Amino acid sequence: MSAATPGGFLLVLAIMLPMAGVLLALLLGGRHAERVVMALLPVSGLIAVAIAVVVWRTGAPVAYVMGGWAPPLGVVFRADGLSAAMLLTTAVVVCAIALFARPVFAAMEGVAEARAPLVFWVLLIAVWGALNAIWLGGDLFTLYVALELLTFGAMPLVCLDGQAETLRAALRYLLFALLGSALYLLGVVLLYGAYGTLDIGLLAGRVRDEPALWIAAALMTAGLIAKTALFPLHLWLPPAHAGAPAAASALLSGLVVKGSFFLIVRLWFNVMPALANPWAAQMLGVLGAAAIIFGSVLALRQARLKLLVAYSTVAQIGYLFLLFPLASNAIGPALSWNGIAWTGGVIQAMSHAVAKAAMFMAAGLIGEALGHDRIAGFGGLGRVLPMTVLAFGISGMSLMGLPPSGGFMAKAMLLAAAVGEGQWWWAVVILLGGVLAAGYVFRVLMPALAGGELALPLCATVSRRREAVVLALALCALLLGLVPVRPSEWLSQIGRVGAAQVSAP
Amino acid sequence: MTFGRDILTILAVTAGVFFFFAGTVGLLRFPDPLCRLHALTKADNLGLGLIVLGLLPWADGVWGGVKLVGIWLLAQLSGAIVTQMIARAVRHGGEAP
Amino acid sequence: MLFGLVGAALVGLGLFGVVVHPHPLRKILAFNLLGGGVFLLFGVIARRGAAAGLEGDPVPQALVITGIVVAFSATALAVALVRRLFQVMDGADR
Amino acid sequence: MSAGWVLNSVLAVLVLGVAGAIIAVRTLFAAVVGFVVLGLLLAIVWVRLAAVDVALTEAAIGSGVTGAVLIAAASRLRATEKVSVAEQPGPALRVGAGILSALVAAGLAALVVFAADPAPSLAPAAVAHLVELGVGNPVTAVLLAYRGIDTLLEKMVLLLALLGVWSLAPDMVWGGAPEVSAGAVDGGALALLGRVLPPVGIVVGVYVLWVGATDPGGAFQGGAVIASMWILALMAGLLPAPAIRARWVRRALVAGPAVFLAVGMAGFAWPGGFLSYPAGYAKPLIVAIEAALTFSVVIVLGLLAAGPPHHGPGR
Amino acid sequence: MHEFLIGAASVVMAIVALGLLRVLRGPGDADRMMAAQLLGSGGIAALLLVAAGTDRPAVTDVALVLALLAAFASAAFVRHAPGPRPEDIKNT
């Protein structure tokens, strides 16, 4: 089996450094928590870059065997192109969030340790570590533990303000998440019972078209869908994501929901690549399409900015699920329609993470400055917070799918694949979703850009630096669209090669 | 020797089972909580005690025997204290008739 | 196999309870029932994997232990959240 | 029809009956008591499934800390039961949920009945390396060696759960201590129990930890037993609940995972890499990690049961 | 002999199971706890019988842990009992 490859130790560090950070921050407490995070950011960021470079250079997955115990007895961590892409995205978004959140969760003078800052900083790195473990995990049970780590890191962020409303949102989130992971675990148990291993690579070679596999896959998918908040199990998301502090919302909406989505992708494309059932794939696509329409329509009708952004997440998650009907049944050449759809889906995950994080942080700045986030009261906002409104607009471009953004690349590729494969109905949904997204983004931008006659009263000034952070992140979403096609090929190739190589006996 | 040991075990375990039976019947049939508590205590002490007695010859060396007796003592101790606490709670709580 | 059927039934009961019970604490209990069923199924798989002089496959047994710990953490966290929610709703910030 | 079969059937009927009662019973408290009883029954079932390690875990946590957490919550939330009865879901949802649950259960049951034969097993592989690890208990070998990463992440999960519980405290009491004891409630019986039981319990806990290397037992089980003793002493008011910002609390919480992580990182120096043990030193290292983990588990579980801080650190 | 011990364990479990009706019927929570306590003792007895009946001494440790913690749940119950709280007693 796959032994450790050169650079494999980087995978361990990508997960364990944040864990060490959690321990250290908890141990030192107080203002040191923030310092620990700030010290970790560049190091962990570099590790993500290094992993991506190694994967790119070698053109093969990087693997590390924990403790030298090869599967099926032991656990392997693996980085393919998809992992590397998500690692990089995570690093960028987390760094931006940390810089953005610094003044909000700064240590207070005269207080040894305050609740919200400590919880926020510790959980920020905990979520980072958990996400890295999910991107790299090669064993379905290890992934279960990582998924729970993610949930426990994310849930307290929802109710950081301790109000009844957010507590209720957090409870609903927790119950959905727990139910979701219980169903996932049930599927894992069934897979072990049928095939005697939980290693993704080994499973790919052992799975057979039989009831045990189908029941397991159905349970796992259902559980993970609940955690990803795919329509119709999206009800918990808007109150939870809108109620959290802006920095936490960015983390939750941009990255955390991608964790469970990623596992669905692993399940369908890595564990059972050859057996993907076209009906199941169409079913997931239908749910995705419904999410796009319903999420967008509901976003259009929100009076409050943060809720609008949260509903937009429900819609954008829908696009991710178009991956299943468009990219399945494919171990074909990378530049086939399936390969293009795959690349489009991955870019959608990346660009949505970046754009949505930027958007939530922009919404947070607006809320801080105005003291409210009612869209009706945004007249003249563009004059007082030009950078923030610009950042909102740029990330909105990505959500709409306007060129040259990453969202445009993603949606164009999905669209092309839909047309190319003759599944034109998805193309209709993608276009409609784009129009609706334009609707809700412009609903915010129109009043903001229309000059109000009176100067807008601000209840707080926000620092230029934080505005710059948000703008920079939004520009990242834009730049993603300018990246030449070659790396995208790289994305799809290595994801595929990984699956193919591993499933070979 | 073996035969005598088996007889002891069978007798003691059977008697222990009988006390559990009596305790359960008491718990179900006695009218007020304090009587039920009393019945319960009997079952706890005697039932478990007799079963431990019956199993002693089978114990895994001296250490195993000590463990068995220790388990019985623990159950005794916590049973007694818990019974007392519940009795108080029942009296104070006004659930007794 | 008998306990496998029990596990399946526990999963069904737990799932039903999680969906149907309005009180969050009852939902948490039902969730634990569901978890118990999942672990039991795993335990039966472990038992069936008896080999090499062992009476059960130790890997699933170890995974069940990890699962129990994680489920306990979830329970403790959820219970604390429910208590806090009702406290805040009461308005008495005691 | 052997006696073992009869015992299993009795247990199966009991588990199903209690589980059904937990779902069907009307009062919250009855459901919680039922759940504690279920934990005990499941411990016996695990013994019947030849998984004594799991039985110990279920016994240690199920009738210990879980019971304490749930009973405390059930008695506090008694008043909220009526509120939620009004939110009873409609018959359509109930029927729908019933059908869905029945389908899932039936599917699983079918898989159990028609399971592959012979079942796949990693038992031979797990046994094959026991000698080089020097550990007699294969479950401990899985938890601390073959799949050590899971155990490490699991300990992080526990820590995060505790931080999550703490985060629910109001801002002004942050750093303070939780409220566990309400003073002498019942004229000293609790205090007596709190004095007598913990010394015995700590011995038992250490014993369970110690035998874990060769026989069923281990860090979490031992830690859970000792944690229950600590909680008992806290409830009886014999020990003060610690302030969550106390240095020793933080150190104790972090100690276990930190030792585990440090030993794991040291593994980079050996051929096996991260989380491997140098030949010949596996057993002492595993025992050392387990001891440190036990210590942290005691504090984490105790504080999880104690709940969020309740009064400010100033007091 | 092994068969006898396992059989005895079955009978003990079946008997204490009847006590579970009290958990359902109540009427007081104290009754529920009593039934749980009885089941605890029965469970310990059954485990000891199983340990001897299957020659697995390690099972005794499970009984040991159960015996130790049997008091624990009841203590938690008394601590949180709805009836007598110190402040209530003072008031009367």
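Which residues lie nearest the centre of the second largest cavity? They are D:Val36, D:Leu40, E:Ala36, E:Gly40 and E:Ala70, out of 14 lining residues. The model is predicted.

**Interface of chain D and chain A**

- Chain D places 46 residues in contact with 54 residues of chain A.
- The two chains bury about 4400 Å² between them, and carbon and sulfur atoms account for 78% of that area.
- Three salt bridges are counted between chain D and chain A. One of the charged pairs is D:Arg250 with A:Glu113, whose side chains form a salt bridge at 2.6 Å, N to O.
- Eleven residue pairs, both members at pLDDT 80 or more, are in polar contact across the interface of chain D and chain A.
- On the side of chain D that touches chain A, at least two residues come from each of α5 (91-113), α6 (123-128), α7 (130-133), α8 (138-146), α9 (148-166) and α12 (247-266) of chain D. The greatest contribution is that of α9(D), with twelve residues.
- By class, this side of chain D consists of 30 nonpolar, seven polar and nine charged residues.

**Interface of chain D and chain C**

- The contact between these chains involves 89 residues of chain D and 65 residues of chain C.
- About 6700 Å² is buried between chain D and chain C, with 80% of the area on carbon and sulfur atoms. Within chain D, the residues that lose the most area to chain C are D:Ile23, D:Leu49 and D:Leu168, which together give 10% of what that side buries.
- The count of salt bridges between chain D and chain C is zero, whereas eleven residue pairs (both at pLDDT 80 or more) are in polar contact.
- With 13 residues, α3(D) supplies the largest share of the side of chain D that touches chain C.
- That side of chain D comprises 61 nonpolar, 15 polar and 13 charged residues.

**Cavities**

- The whole structure contains 17 cavities of 30 Å³ or more.
- The largest cavity has a volume of about 250 Å³. Its lining numbers 20 residues, and those nearest the centre are C:Asn32, C:Ile68, C:Ala71, D:Phe35 and D:Glu58.
- Two or more residues of this lining come from each of α2 (24-48) and α3 (58-90) of chain C and α2 (28-48) and α3 (52-76) of chain D. The element that gives the most to the lining of the largest cavity is α2(C), with seven residues.
- Eleven nonpolar, eight polar and one charged residues make up the lining of the largest cavity.
- The second largest cavity holds about 190 Å³ of space. At least two of its lining residues are supplied by each of α2 of chain D and α2 (29-53) and α3 (58-79) of chain E.
- The lining of the second largest cavity has ten nonpolar, four polar and no charged residues.

**Largest pocket**

- The largest pocket has a volume of about 1500 Å³. It is lined by 46 residues, and A:Phe176, A:Leu179, A:Leu233, C:Val18 and C:Val19 are the closest to its centre.
- Chains A, C and D each provide helices to this lining, including α6 (164-195) of chain A, α1 (2-20) of chain C and α5 of chain D. The most residues, ten, come from α8(A).
- By class, the pocket lining has 35 nonpolar, seven polar and four charged residues.

Conventions. Residues numbered from 1 in each chain as written. Chains lettered and ligands numbered in written order. Predicted model: local features only at pLDDT ≥ 70, side-chain atom pairs only at ≥ 80, totals over all residues. Heavy atoms only, no water. Contact = heavy atoms within 4.5 Å. Buried area = accessible area lost by both parts, 1.4 Å probe. Salt bridge = Lys/Arg side-chain N within 4 Å of Asp/Glu carboxyl O. Polar contact = N/O pair within 3.5 Å; in protein donor to acceptor, adjacent residues only side chain to side chain. Helix = DSSP H or I, 4+ residues; strand = E, 2+ residues; numbered from the N terminus. Nonpolar A, V, L, I, M, F, W, Y, C, P; charged D, E, K, R; others polar. 1 Å grid on protein atoms, 1.4 Å probe; cavity = no way out; pocket = protein on both sides within 12 Å on 5 of 7 lines; lining within 4 Å. Points joined across faces, edges and corners; volume = space filled by probe spheres on them.
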